[in-house]
Amino acid sequence: MLSTVPNSVRVEPQQERSARRLANFLDVAEVLFVEIGYEATTMTAIAERSGSGIGTLYHYFPDKQSLAFALFNQYTQKVEAYWKPLIEHAETLSHTAFAETFLERVVEFLRERPAYLQLLAAPIRFSRDPAARRALRIAIANAFRAKDPSLASERAMLAANISLQMVKGMTTLYAEASLREKPLIIAEFKKALTLYLGSVFSDDERSSTERRR
């Protein structure tokens with residue numbers, strides 16, 4: 001049964017030493033989630049591996065779910081850093097190059113942060129800040145409009161939403177796949193996103209041509 005994650009950090013660090021201790025807890029949890037999985041990881045194991053007392057860990061996090069939520073939030077911020085340079089230069093790329101690079105950045109993140117996949121498989125319902133989700137969609141939609149100024153804002157936002165749903169779908173299948181299957185999944189989603197974006201921009205080009213007639 002899924003559980004909803006409560007507020008993450010119980011006490012926000014006020015000093016550099018506290019911030020380092022908090023970061024260390026998150027780093028240790030990340031390693032343990034990969035080594036033995038989310039379910040097998042305990043607060044005691046995190047405290048022991050980090051070299052701190054269990055009381056100190058509970059001072060920051062009321063439970064493992066809260067710690068996982070803090071780590072998940074950290075990941076959502078980091079993955080956007082992978083996308084940001086691509087989004088900023090989308091207007092200079094073909095739709096094929098954009099689709100392929102967009103998904104390659106996602107895969108790069110997944111390989112560098114394998115604990116993210118462990119968290120996705122955990123019996124926890126993670127939810128991002130709605131404002132942050134919308135900001136990302138707007139950024140992608142704006143990139144599409146920069147690439148094609150004649151693209152209607154509603155169409156651009158829809159394309160951004162569908163593109164991100166494809167990313168979500170690829171991530172889900174990637175997490176469940178064997179090492180042999182992962183490259184095949186990536187290749188198929190690259191083709192799917194390329195075809196979709198090609199239709200978005202070609203449809204808009206046709207509409208523009210028709211309006212000029």
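Reply: A nonpolar core is a set of buried Ala, Val, Leu, Ile, Met, Phe, Trp, Tyr and Cys residues joined through side-chain atoms within 4.5 Å, where buried means under 20% relative accessible area with a 1.4 Å probe, protein chains only. Here the largest nonpolar core has 66 residues, and those with the most contacts inside it are Phe-61, Trp-83, Phe-102, Leu-119 and Phe-144. H4 gives the largest share of this core, 12 residues. Helices are DSSP runs (H or I, at least four residues), numbered from the N terminus. This is a predicted model: local features need pLDDT of at least 70 and side-chain atom pairs pLDDT 80 or more, while totals for chains, interfaces and linings use all residues. Residues are numbered from 1 along each chain, and side-chain values use heavy atoms, without hydrogens and water.

Me: Which helix supplies the largest share of the lining of the largest pocket?

Reply: Rolling a probe the size of a water molecule over the atoms shows where empty space is left. On a 1 Å grid over the protein atoms alone, a pocket is an open set of points where a 1.4 Å probe fits, with protein on both sides within 12 Å along at least five of seven lines; lining residues have an atom within 4 Å of a point. H8 supplies the largest share of this lining, 8 residues. Of the 27 lining residues, Phe-72, Tyr-116, Leu-120, Arg-128 and Lys-168 are the closest to the centre of the largest pocket.

Me: What do the end C-alpha atoms of helix H1 show?

Reply: The expected span is 1.5 Å times one less than the number of residues. The 21 residues of H1 (residues 16-36) should therefore span 30 Å, and the end C-alpha atoms are 30 Å apart, which agrees. Just after H1, Gly-37 has a positive phi of about 95 degrees.

Key:
Helices (H or I, at least four residues) and strands (E, at least two) are DSSP runs, numbered from the N terminus. Buried means under 20% relative accessible area, exposed over 50%, partly exposed in between (1.4 Å probe, protein chains only).
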